[in-house]
Amino acid sequence: MTGMTPKIAVVFYSATGNVAALAEALADGARKEGAEVRVRPVPELAPAAAVASNPRWQDWVDNNPYDQQATLDDLDWADGIALGSPTRFGGPAGQLKEFLDSSGGLWFQGKLVDKVGTSFTSASTKHGGLESTILAMNNVLYHWGAIVVPLGYTDAHLMESGNPYGGSFVSRRSAAPDEEALAACRIQGARLARITRYIAAGKNP
Ligand SMILES: Cc1cc2nc3c(=O)[nH]c(=O)nc-3n(C[C@H](O)[C@H](O)[C@H](O)COP(=O)(O)O)c2cc1C
């Protein structure tokens, strides 16, 4: 293994903080594996009235801890990219898709080819679309020519948390991610960093 430092961007949308908590756990896992990590939410695009209709959403918009939002430069900079979104009607939130749809210029220049990518989500019900959301985010990675890294059952913990597609949390009654889900995301971040290191070292020997 080389000593190079993989650059990881964790790019996500969160309306009420659950996906942000998963993003931070994934970032922690990547850092422990020696990565340099940027954790960046995409811009909120919902109308003010929609945000105001949910006090938890309004609170997140007003008080979330992020002072830097994701930009296309983060995608260009990163060797490995983790995409996160709440499950919205069985797929990713429009806010994340809008950001990803702005990557056409980078795609056209071939700058997203051979990035390493992985995806994670939170939903409110067990069968509410966790996997379909992860798979939909991964579709973007395929189109970029990225190398998609699933979580698999690559660690004993994942036999308990049990989503080989990617880190996931079922937030019943708005519960914040529990240790089981956070640990799965840390494993996902470490795995992303490790595989990104292999790929990036091979590209820049
Ligand atoms: C418009 C909307 C659509 C949603 N659709 C689903 C869904 O299809 N399945 C599900 O289980 N949860 C659904 N949820 C619940 C969110 O996925 C869940 O609350 C998630 O944990 C929120 O993550 P966040 O705190 O990062 O925003 C939906 C929430 C909203 C606001």
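The legends below describe close-up views of a predicted model. In this predicted model, local features need pLDDT of at least 70 and side-chain atom pairs count only at pLDDT 80 or more, while totals for chains, interfaces and linings use all residues. Residues are numbered from 1 along each chain as its sequence is written, and side-chain values use heavy atoms, with hydrogens and water left out.

**View 1. The shell of residues around the ligand.** The ligand has 17 residues around it, of which Ser14, Ala15, Thr16, Thr87 and Ser122 come nearest; a residue is near a molecule if one of its heavy atoms lies within 4 Å of it. By class, eleven residues of this shell are polar, five are nonpolar and one is charged. Here Ala, Val, Leu, Ile, Met, Phe, Trp, Tyr, Cys and Pro count as nonpolar, Asp, Glu, Lys and Arg as charged, and the others, Gly among them, as polar. At least two shell residues come from helix H1 (18-32), and at least two from strand S4 (116-123). Helices (H or I, at least four residues) and strands (E, at least two) are DSSP runs, numbered from the N terminus.

View 2. Nitrogen atoms of the ligand take part in two of the pairs shown: one lies 2.8 Å from a polar backbone atom of Phe89, and one lies 2.8 Å from a backbone N or O atom of Gly128. A polar backbone atom of Ser124 is 3.1 Å from an oxygen atom of the ligand. The protein buries 77% of the 640 Å² that the ligand exposes when taken alone, with accessible areas from the Shrake-Rupley method and a 1.4 Å probe. The ligand takes up the space of the largest pocket. A pocket is an open set of points on a 1 Å grid over the protein atoms alone, where a 1.4 Å probe fits, with protein on both sides within 12 Å along at least five of seven lines.

View 3. Asp74 belongs to helix H4 (residues 72-77) and counts as buried because its relative accessibility is 1%. Buried means under 20% relative accessible area, exposed over 50%, and partly exposed in between (1.4 Å probe, protein chains only). The side chain of Asp74 makes a polar contact of 2.6 Å with that of Arg38 and another of 2.8 Å with that of Arg40. A polar contact is a pair of N or O atoms within 3.5 Å; within protein, one must be able to donate a hydrogen and the other to accept it, and residues adjacent in sequence count only if both atoms are side-chain atoms.

**View 4. Ala9 in strand S1.** Strand S1 (residues 7-12) contains Ala9, a buried residue with a relative accessible area of 1%. Ala30 is 21 residues from Ala9 along the chain, and their C-alpha atoms are separated by 9.9 Å.

**View 5. Pro150 and Tyr165.** Pro150 is placed in the loop between strand S5 (147-148) and helix H8 (157-161). Its relative accessibility is 39%, so Pro150 counts as partly exposed. Tyr165, 15 residues from Pro150 in sequence, is 5.4 Å away from C-alpha to C-alpha.

View 6. Arg173 lies in the loop between strand S6 (168-170) and helix H9 (179-203), and Ser174 is in the loop between S6 and H9. Although not a glycine, Arg173 has a positive phi of about 50 degrees; Ser174, also not a glycine, has a positive phi of about 65 degrees. Arg173 is exposed, at 74% relative accessible area, whereas Ser174 is partly exposed at 38% relative accessibility.

Note on methods: On a 1 Å grid over the protein atoms alone, a cavity is a set of points where a 1.4 Å probe fits but cannot get out, and a pocket is an open set with protein on both sides within 12 Å along at least five of seven lines; lining residues have an atom within 4 Å of a point. A molecule sits in a cavity or pocket if more than half of its atoms lie within 2 Å of its grid points.
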